Amino acid sequence: MTCEDAHLHMHDYISGELSPEICDDMFDHFEACEYCRNHFHEARRMAAGIGNLMQSTAPPELHSAVSRILAGG
Ligand SMILES: [Zn+2]
C-alpha cells in the first residue's frame, strides 16, 4: 500500500467500512509510515469530535415538540 492508497481509504477505515483485507494493509502501512499514522490519528480525532457534536445536539423528538408548542399546541 502506498501513502496515496492509505489517504484514499482513510475515511472508510475510520468509519469501519473497509474490507478486512484492506484494513490489514492500512494497519501495516500505519506501522511503517509515521506520516500516515499521524494523519490517521488526526482524522480519527476529528471524526470522534464530530460524533460528540452530533450527540450533544437536541434529539428530533425535542425539535418536533418545540415546533408544536410554537405552533400553538
Ligand atoms: Zn504513508
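What percentage of the 73 residues of the chain count as buried? The figure is 7%, where a residue is buried if 20 or more other C-beta atoms lie within 10 Å of its own, exposed if 12 or fewer and partly exposed in between, with C-beta atoms placed from the backbone. The structure is a predicted model, in which local features need pLDDT of at least 70 and side-chain atom pairs count only at pLDDT 80 or more, whereas totals for chains, interfaces and linings use all residues. Residue numbers start from 1 along each chain as its sequence is written.

View 1. Helices (H or I, at least four residues) and strands (E, at least two) are DSSP runs numbered from the N terminus, and read in sequence order they give the pattern α-α-α-α. The C-alpha trace spans about 60 × 20 × 15 Å along its principal axes. The radius of gyration, taken over C-alpha atoms, is 19 Å, whereas a compact globule of 73 residues would have a value near 11 Å by the rule of 2.2 Å times the number of residues to the power 0.38.

**View 2. Helix α1 (residues 3–14) and the glycine that follows.** The end C-alpha atoms of α1 are 16 Å apart, which agrees with the 16 Å that its twelve residues should span at 1.5 Å a residue; the expected span is 1.5 Å times one less than the number of residues. After α1 comes G16, which has a positive phi near 70°.

**View 3. The crossing of α1 and helix α2 (residues 20–32).** Two packed helices are described by the angle between their axes and the distance between the axes. Here the axes come within 11 Å and cross at roughly 115°, the axes being lines fitted to C-alpha atoms over the stretch in contact, with angles running from 0 to 180 degrees between N-to-C directions. From α1, the residues A6, H9 and Y13 make the contact, and from α2 the residues I22, C23, M26 and H29 do so, two residues being in contact if their C-beta atoms, placed from the backbone, lie within 7 Å.

View 4. F30 is partly exposed, with 19 other C-beta atoms within 10 Å. Leaving aside neighbours within four places in sequence, F30 is in contact with C36, R37 and F40. F30 and C3 lie 27 residues apart in sequence, and their C-alpha atoms are 9.4 Å apart in space.

**View 5. Helix α3 (residues 34–56), with Q55.** From its first C-alpha to its last, α3 reaches 33 Å over 23 residues, close to the 33 Å expected at 1.5 Å a residue. Two of the 23 residues of α3 are buried, so the helix lies largely in the open. Q55 is exposed, with 8 other C-beta atoms within 10 Å, and the C-alpha atoms of Q55 and R45, ten residues apart along the chain, are separated by 15 Å.

**View 6. Helix α4 (residues 60–70) and G72.** Of the eleven residues of α4, zero are buried, so this helix also lies largely in the open. Just after α4, G72 takes a positive phi of about 95°.
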